[in-house]
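Here is a report on how two chains meet. Look at the sequence and the model first.

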Amino acid sequence: MSTLLEVDRLHVRFKAMGPIKARLVGIENRFLDAVLDVSFAVQAGSTFALVGESGSGKSTLGRAIIGLVPVHAGTVKFDGARPLDRGGSRLAAYRRHVAMMFQDPVASLSPRLTVRSLITEPFAIHGLRDKDRDAEARRLLALVGLPPDLVGRYPHQLSGGQARRVGVARSLALSPKLIIADEPTAGLDVSVQGEILNLLTRLQRELGLTYIIITHNLAVVRHVSDEMAVMYMGRFVEHGPTKAIFAQAAHPYTHGLLAAQPVPDPDRRRDNVELQGEVPSLARRPSGCEFHTRCPRAQELCRSARPERQTLAPGHDHRCHFPLVPAAA
Amino acid sequence: MAADCVLSIEGLAIDFLTPRGRVHALRNVALDVPRGSIVGIVGESGSGKSTLSLAALGLLPENAVIGGGRILFNGADVLTMNKAQLRDLRGRRVSMVFQDPMTTLNPVLSIGTQMVDIQYRDRSVDAAQKRQKAVAMLQRVGIPDAEQRLARYPHEFSGGMRQRIAIAMGLLGNPELLIADEPTTALDVTLEAQIIHLLRQLRREFKGSILFISHNLGLIAELCDYVVILYAGEVVEHGTVHDIFHRPRHPYTEALLVCDPARLDDVRRELPTIPGDVPNLLQIPTGCVFAPRCPKAFDRCRQQQPTDHAVGATQSARCHLVTP
C-alpha cells in the first residue's frame with residue numbers, strides 16, 4: 001500500500017479576541033488552538049478513524065485537511081504534492097480528489113434543489129459542463145443503491161437513510177480518492193446505520209476509496225477502521241492500529257472513552273463512571289498534560305510537564321507519562 | 001407486571017389527520033409502569049415512541065385523534081381530564097425531560113429565575129426559600145457552585161450541564177413519574193454515562209418511576225427494569241430487561257439486537273441490517289406489521305394479525321411463532 005495523505009505537525013489556530021480585550025480580560029493566549037501538533041499518514045484504500053468528545057478538534061482537523069479552515073503551521077501532503085500551500089489552482093484540483101461528507105445530511109442538502117441538481121452540482125463548480133447531468137445523476141444514485149427515479153425529488157421528500165445516501169452520491173460525483181466523512185451515521189437507527197456503513201465498505205472495495213471517518217461512536221470505529229486516533233483538546237493522545245487500541249488502550253483517556261460505551265447486556269452494568277466532568281475550555285488549557293484535570297491516574301508530574309509523543313509499538317504511539325501498557329522492552 | 005402501577009396504558013390508538021390522509025401512529029398499545037421502576041421504550045424513528053410520551057402528558061397536537069383506549073395515571077384517565085386537572089398533572093405529578101436541553105430552557109431568563117418560576121404552585125414558601133430549593137436540587141444533579149450559577153443563562157452552560165439542569169427542573173415538583181425522551185442523544189458518550197448514572201442514583205433517592213425512551217439498546221440495558229419494544233405503532237414485545245436481552249421472542253427484537261454493532265464480539269466489515277422499510281402508516285398492511293421484513297414470516301403472518309402471546313410470567317410477544 002502507498003501513502004495517500006500525510007499530515008505533518010498540523011496546527012489550526014483561531015483568533016478568539018483582539019489583543020486589547022485579551023489584556024483587559026487577563027487571558028494570556030488570545031488564540032484558540034483547535035488542532036495542535038498533529039501528524040499522521042493514511043494509506044491508500046484504508047480507513048482512518050478520528051474519535052474524541054465534542055470540541056476535541058476532530059471536525060476542525062477534517063476541515064483543515066480539505067482546506068476549509070486555514071492552517072496555521074504544518075503541512076498536508078496528498079499524493080506527493082502540497083496542495084494547501086500558496087496558489088489557488090492546485091487547491092481546486094485537490095478538492096476534486098478529496099470529498100467531504102458533512103454531518104447532518106438533511107441540513108447539508110439545499111432544500112430548494114432537486115436530488116439531480118444536488119448530486120451533479122460538483123460538475124458545475126469544477127467546470128465539467130459537457131457531462132450529461134441527468135445520466136450522471138442516475139448513475140450515481142444506482143451506485144449508492146437508490147432508485148433512479150429519485151432524481152426529481154426534493155430533500156424533504158427523502159427519509160433519513162435516503163438523504164445520507166444522496167450525501168454519499170454527491171461526494172462520489174467527481175470520483176475522489178479520499179472521502180472525509182464527518183459523523184456518517186449520527187442520528188440514524190441501528191438498522192439504517194448498518195446499511196450506510198455497508199455501503200461505504202462496498203464502495204471502498206469497488207472504487208478503491210480511502211476514508212477518514214470522524215465519529216464518536218466507538219462500536220462503529222472498531223468494525224470499520226484500520227487505524228484510529230483519539231483526540232483530546234486538539235492533540236492526538238493515542239494513535240495506532242484499531243485492533244491494538246481496542247485490545248489494550250495505552251492512554252487513560254482512550255480507556256475512559258471505551259469504558260463509557262454502554263454495554264447492551266443487563267448483566268454487565270457499570271457502577272462507576274470512569275471519566276468525570278467535561279472537556280475544559282480551549283481558552284484555558286490546563287498545564288502539563290491537558291487531560292490531568294479529568295484523569296483518574298494523574299500525578300504531580302502530569303500537572304507540570306507535558307508528555308511527549310512516545311512509541312509503544314511500530315505505528316502505535318501515545319502521549320502519557322504513565323501509560324496503561326508498558327512499552328515493549 | 002406488578003399490580004401497583006403509576007402509569008397504565010390500555011388499548012391506546014392514536015391517529016393523526018394529515019393532508020395525505022389518516023396516519024395510524026399508535027394501534028392497540030398497552031404499557032404498565034410499576035411504581036418505583038424504570039421502564040424503557042425502544043423503537044426506531046417513526047415507531048411512535050414520542051407520540052406515546054406526549055399522550056401520557058396530554059400534550060398531543062391538535063390534529064391527533066384518539067381512536068380508543070385509556071391512559072391511567074394512578075387510576076385516573078388522562079384522556080378525559082379537563083384543563084385544570086391536566087395542569088395539576090403536568091410538571092408536578094409527571095414531568096418530562098426532552099432530548100435537546102437548549103430548546104427546553106428559556107434563553108433570555110437566568111436559570112435561577114426559571115427554577116423559581118417553575119415552583120409557582122407552592123404558595124407556602126417565599127422566593128428565597130424557592131431559591132434555596134433550586135440550589136439544593138442543582139447540587140443533587142452534580143452542578144458545582146450551584147449558588148453562583150443561578151444567575152447564569154442557559155448559553156453559559158455546556159450541553160451536559162444544561163441536561164442536568166433540565167433534569168433538576170423536572171424533579172423540583174417531586175413527581176411520581178419522570179418521562180425522559182432520548183435525554184442523552186445530544187450528548188457525548190462520556191456525558192451520557194454520567195447522566196445515566198445520575199438517573200439511577202436519583203431513582204434510589206426519590207423513589208419515583210421513570211419512563212425512559214431511547215433507540216440506544218446499550219442505555220436501555222444499563223438503566224431499565226422493564227422494556228417495551230415498539231415497532232410501527234405497535235408494542236411487538238415487552239418483558240423484563242433480562243427477558244428482552246437474553247430471551248427475545250419476537251423476530252424484530254432479535255433483529256434489533258443483532259444489528260447493534262456494540263453486541264458483535266468479532267470484528268467485521270459487513271454489518272447486519274434489517275432489510276426493507278418501516279411500513280407506511282397511512283395504510284397498515286393486513287397481517288403482522290413486521291411480516292414484510294421478517295426473516296421468519298410464513299403465509300399466516302401476511303393474512304392474520306397476531307395477538308399478544310404470554311411467554312412465562314413477565315414476557316409477551318405479538319407473534320404467531322410464539323403460539324403455545
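In which handedness does helix 11 of chain A pass helix 8 of chain B? The crossing is left-handed; that term applies if the near helix is turned anticlockwise from the far one by less than a right angle, and right-handed applies if clockwise. Helices (H or I, at least four residues) are DSSP runs, numbered from the N terminus.

This is a predicted model, in which local features need pLDDT of at least 70, side-chain atom pairs count only at pLDDT 80 or more, and totals for chains, interfaces and linings use all residues. Residues are numbered from 1 along each chain as its sequence is written, while chains are lettered from A and ligands numbered from 1 in the order in which they are written. The model has an ipTM of 0.84 and a pTM of 0.88. Chain B has a mean pLDDT (the predictor's confidence in each residue, from 0 to 100) of 90.

The helix pair packs at about 55 degrees, and the axes of helix 11 of chain A and helix 8 of chain B lie 8 Å apart. Axes are lines fitted to C-alpha atoms over the stretch in contact, and angles run from 0 to 180 degrees between N-to-C directions. Helix 11 of chain A is therefore oblique to helix 8 of chain B; oblique covers what is left after under 35 degrees (roughly parallel), over 145 (roughly antiparallel) and 65 to 115 (roughly perpendicular).

These residues meet, with contact meaning C-beta atoms, placed from the backbone, within 7 Å:

| Helix | Residues |
|---|---|
| Helix 11 of chain A | A:Gly256, A:Leu257, A:Ala260 |
| Helix 8 of chain B | B:Val189, B:Thr190, B:Ala193 |

Across the whole interface, 30 residues of chain A contact 36 residues of chain B. Helix 8 of chain A gives the largest share of chain A's side, seven residues.

Terms used:
Two residues are in contact if their C-beta atoms, placed from the backbone, lie within 7 Å. Helices (H or I, at least four residues) and strands (E, at least two) are DSSP runs, numbered from the N terminus.
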